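My notes follow in the order in which I looked things up.

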Amino acid sequence: MSYSPSEIENKWQKTWSETGAFEPLDDKNLDKKYILSMFPFPSGRLHMGHVRNYSIGDAMARYYRKQNYNVLHPIGWDAFGMPAENAAIKHGRHPKDWTYSNIAYMRKELKTLGLSFSETREFATCDELYTKWEQEFIIKMFEEKLLYRESTTVNWCEECHTVLANEQVEEGCCWRCDNEVELKEMPGYYLDIRKYADELLDDLKILEGKWPSQVLTMQSNWVGKSQGLEFNFKLSSASKEKLDNKFEEFEVFTTRPDTIYGVTYTALAPEHAIVKALIKNELLSTEVAEKITAMSNMTEVERAKAGKEGYDLGISVIHPLTGLEVPVWIANFVLASYGGGAVMSVPAHDERDFEFATQYDLPISYVIEGGEEGSAYTAEGILMNSAELDGVKNTEAKAAVIKLFEEKALGKGTTNYKLRNWGISRQRYWGAPIPFVHCDACGLVPEKVENLPIALPEDVEITGEGNPLENHPTWKHTACPKCGKDAVRETDTLDTFVQSSWYQFRYATHPDKWNSCGIDKEDVNYWLGVDQYIGGIEHAILHLLYARFFTKALRDVGFIDDLKEPFENLLTQGMVLMDGAKMSKSKGNTVDPDALIEKYGADTARLFTLFAAPPQKELEWNDSAVEGAFRFIKKLYDRKSKVTVNELPNIEQSSLTKEEKIARAKVYDALKKSVDVYEKTFAFNTLIAACMEALNALDKQDNELVWSEGLYIITHLLEPIIPHVCAELSEELFESKNLKGKIAILDEVFVQDTLTLGVAINGKRRAEIEVDAGAQKEDVIAMAKESVAKWLEDKNVVKEILVPKKMVNLVVK
RNA sequence: GCGGAUGUGGUGAAAUUGGUAUACACGCCAGACUUAGGAUCUGGUGCUUUACGGCGUGGAGGUUCGAGUCCUCUCAUCCGCACCA
């Protein structure tokens with residue numbers, strides 16, 4: 001019978017589902033593996049990126065299951081978010097309806113791929129039961145002062161009608177819709193991720209060698225820790241008077257205290273309080289005031305594009321060491337959100353300050369030897385023009401200056417971070433409601449835990465104008481949980497990244513407990529950390545940083561025991577490309593997984609996906625290479641007629657012909673390779689290639705026992721990759737005995753009677769010789785010389801190098 | 001600008017510690033079987049040369065008996081961050 005993928009695949013998918021083959025066991029004494037692929041957003045259909053992601057994860061899960069590990073390999077749905085609402089606006093469908101029907105469809109698609117997911121642990125983050133526990137965490141974090149509400153300038157996306165967290169702004173644009181982000185002052189809820197800045201940074205060390213180094217670097221840069229000096233510039237008495245004595249001084253932060261004597265001016269951000277006061281008191285010309293207002297309406301990216309711009313504010317400060325007056329400027333490149341929104345400027349030793357000083361003709365004073373006129377000198381050197389510090393190395397002067405400031409109580413050494421707190425408010429409908437109530441009497445009050453979940457109202461009109469929760473006639477009106485008087489619910493919903501920050505713990509929690517708790521500590525202690533996490537590099541910062549933080553926060557508020565990092569090992573898979581470009585609907589270069597499976601079957605789709613490139617690299621789609629994968633499976637299936645023994649046969653190695661020995665060696669080569677591939681390198685492409693070589697070699701001989709052994713091992717090795725056809729062959733030929741446990745590697749099969757050695761002259765390969773495996777060195781060298789005799793005429797062999805089992809190199813003169 | 005990664009046949013890609021460069025597959029060429037083939041099978045296929053040979057892992061040097069692999073410089077592409085003081 002010829003290979004019929006649909007028949008075989010339907011059969012096995014049914015069997016697996018009926019027998020609960022992929023459900024993790026409750027016995028916590030078993031060795032476990034938690035294999036997790038990032039869960040999908042239920043957009044409606046799977047795309048090839050999903051197929052790749054889940055094929056990789058599934059191969060790992062099946063491999064460990066085969067080795068008798070207790071494997072948790074779950075799937076769920078990252079189900080809240082904008083596209084559901086957009087669909088509602090466009091097609092008038094309710095987001096809930098749209099989401100759950102998409103899930104139903106995609107669940108079926110996943111099933112046709114034969115992925116070994118647990119069926120009992122599946123959930124969607126929009127399930128009210130999931131929302132319930134998440135709201136409890138949020139309330140607890142509020143009580144523990146990890147969550148607060150405040151009004152600040154936020155990133156606003158007009159397209160999405162919502163606020164965005166800092167991490168969700170990419171080059172000034174919305175991460176989701178690419179619309180340009182605006183600034184807006186509004187209240188919102190924040191998680192205090194900055195409190196964990198050091199821990200998030202330090203614990204990256206735990207992940208070294210286990211996460212891709214570029215992800216570690218990106219996270220480290222994102223936290224952006226820097227050490228320096230913080231001190232105040234006191235305003236001159238004239239300047240103080242100008243400002244009605246409302247300001248005494250302002251704070252600056254510098255990482256270059258060694259250049260303190262090179263300060264020739266200071267600069268404030270447009271948002272700085274002193275600037276606002278100057279404008280308010282009409283101390284600046286109308287023209288300048290207008291320019292400054294225009295400046296503060298620009299986003300950071302716009303300011304960067306606009307180039308440097310600044311104005312003399314007509315006030316001055318006193319240099320803390322020299323006592324000299326230093327002018328104060330406003331500059332558009334000074335960031336309000338970092339280090340107090342003010343800087344000391346040392347144009348001689350800072351590129352930005354130099355550019356600004358040159359532009360506005362401000363003095364430049366060199367304090368480190370080695371610089372030259374006309375440019376900023378930012379390298380190391382010896383201090384000069386620095387009073388008592390003259391002659392000191394600038395690298396040493398940093399600490400000295402900090403010490404000096406501390407002794408004179410002028411300032412102190414401090415640490416700054418680029419990381420900003422995580423704004424989790426979204427002015428949207430399709431999200432988890434933030435469980436707070438605004439009461440005129442009591443202020444901001446968390447909802448009572450027994451009232452959770454605060455579910456979304458279903459009778460909403462979604463028009464894209466405003467927040468449907470805000471506009472709903474009754475939903476937001478409630479009683480204050482504290483005093484019982486009329487109060488108003490918070491209508492913001494949570495950033496969807498909150499849901500994906502704890503889902504790894506929800507999967508680990510036994511479904512029997514899902515009603516009674518959000519996360520079960522014992523279960524988490526057993527299953528976490530995730531032994532292998534697989535997903536796209538695009539989450540290098542966003543999701544992975546949030547989830548790491550949330551893990552630490554949940555620990556601190558008591559929902560999990562001590563767990564340093566949620567994801568032990570991370571594999572970032574490459575994108576799936578077509579004609580060198582990312583597959584996307586708008587480009588029309590997509591491959592539909594359903595059609596692919598329909599035509600070739602899931603095994604072919606999986607095989608191609610893992611064969612065409614190593615998982616970490618980009619995968620270039622190639623239709624005819626898919627055909628090739630299909631051909632290989634057909635060939636493998638066809639060779640079942642060669643098998644005559646239903647178990648691993650005993651083979652007398654010495655009785656075999658040369659071809660039989662080669663075939664055996666190739667089969668065992670693949671077996672040997674498999675451990676490394678499945679556990680370390682994940683270079684499935686090379687394992688598949690080794691299996692193809694083995695099958696090619698088996699084809700060159702006709703020994704039934706060698707064939708039986710070969711297929712027994714090959715189907716064992718490939719089962720995690722092409723599970724259906726291997727299950728079918730294994731059942732038919734070997735009573736499925738080869739799909740459990742390990743197969744021992746027999747060293748004897750690698751012993752060949754003869755060896756083929758390359759012969760090189762001065763490192764250049766010239767010939768090839770075949771020698772007995774046990775041949776003596778002299779004999780081998782003699783044969784080698786004979787094989788390259790014509791190259792040795794009129795030459796002296798000055799050195800003979802024999803690389804065992806590989807080659808002979810003759811050095812001649 | 002800073003940080004990281006990657007450059008190997010026509011294509012996707014292989015290559016323990018430095019040891020026969022291009023495994024495996026796609027494509028292409030030739031042949032077989034076929035009414036036919038976009039099915040299947042067999043053989044060939046780095047470039048160049050009539051041949052002997054020469055040249056070949058982005059480029060230029062270096063270390064070595066021997067370099068895709070190690071070192072120095074350089075070019076290109078991609079990704080991330082982007083005025084963080």
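I started with exposure: I call a residue buried under 20% relative accessible area, exposed over 50% and partly exposed in between, using a 1.4 Å probe and protein chains only. The model is predicted, so to speak of local features I need pLDDT of at least 70, and side-chain atom pairs count only at pLDDT 80 or more, while totals for chains, interfaces and linings use all residues. Residues are numbered from 1 along each chain as its sequence is written, chains are lettered from A and ligands numbered from 1 in the order in which they are written, and side-chain values use heavy atoms, with hydrogens and water left out.

**Lysine 585**

Is lysine 585 buried or exposed? Lysine 585 counts as exposed because its relative accessible area is 78%. I found lysine 585 in the loop between strand 25 (581-582) and helix 19 (593-600). Helices (H or I, at least four residues) and strands (E, at least two) are DSSP runs, numbered from the N terminus.

**Domains and a sheet**

For chain A I noted domain 1 (5-125 + 500-582), domain 2 (153-190 + 421-495), domain 3 (226-416), domain 4 (643-749) and domain 5 (753-812); such bounds come from an automatic or database domain assignment. The centres of domain 1 and domain 3, taken over C-alpha atoms, are 50 Å apart.

Next I traced an open sheet of four strands, order 4-3-7-15, with antiparallel pairing. Its edge strands, strand 4 (162-164) and strand 15 (422-423), each pair on one side only. Two strands pair if DSSP finds at least two bridges between them; strand 3 (residues 147-157) and strand 4 have three. Tryptophan 156 sits opposite valine 163 in strand 4.

**Around RNA strand B**

I counted a residue as near if one of its heavy atoms lies within 4 Å. RNA strand B is surrounded by 51 residues, the closest being Thr254, Thr255, Lys308, Arg352 and Arg631. Of the RNA strand B atoms that come within 4 Å of the protein, 64% belong to sugar and phosphate.

Which helix gives the most to the surface near RNA strand B? Helix 23 (residues 684-699) does, with six residues.

I also noted some N or O atom distances. A backbone N or O atom of arginine 303 is 2.8 Å from a base nitrogen of RNA strand B. An N or O atom in the side chain of asparagine 696 lies 3.2 Å from a phosphate oxygen of RNA strand B.

Methods: Polar contact = N/O pair within 3.5 Å; in protein donor to acceptor, adjacent residues only side chain to side chain.
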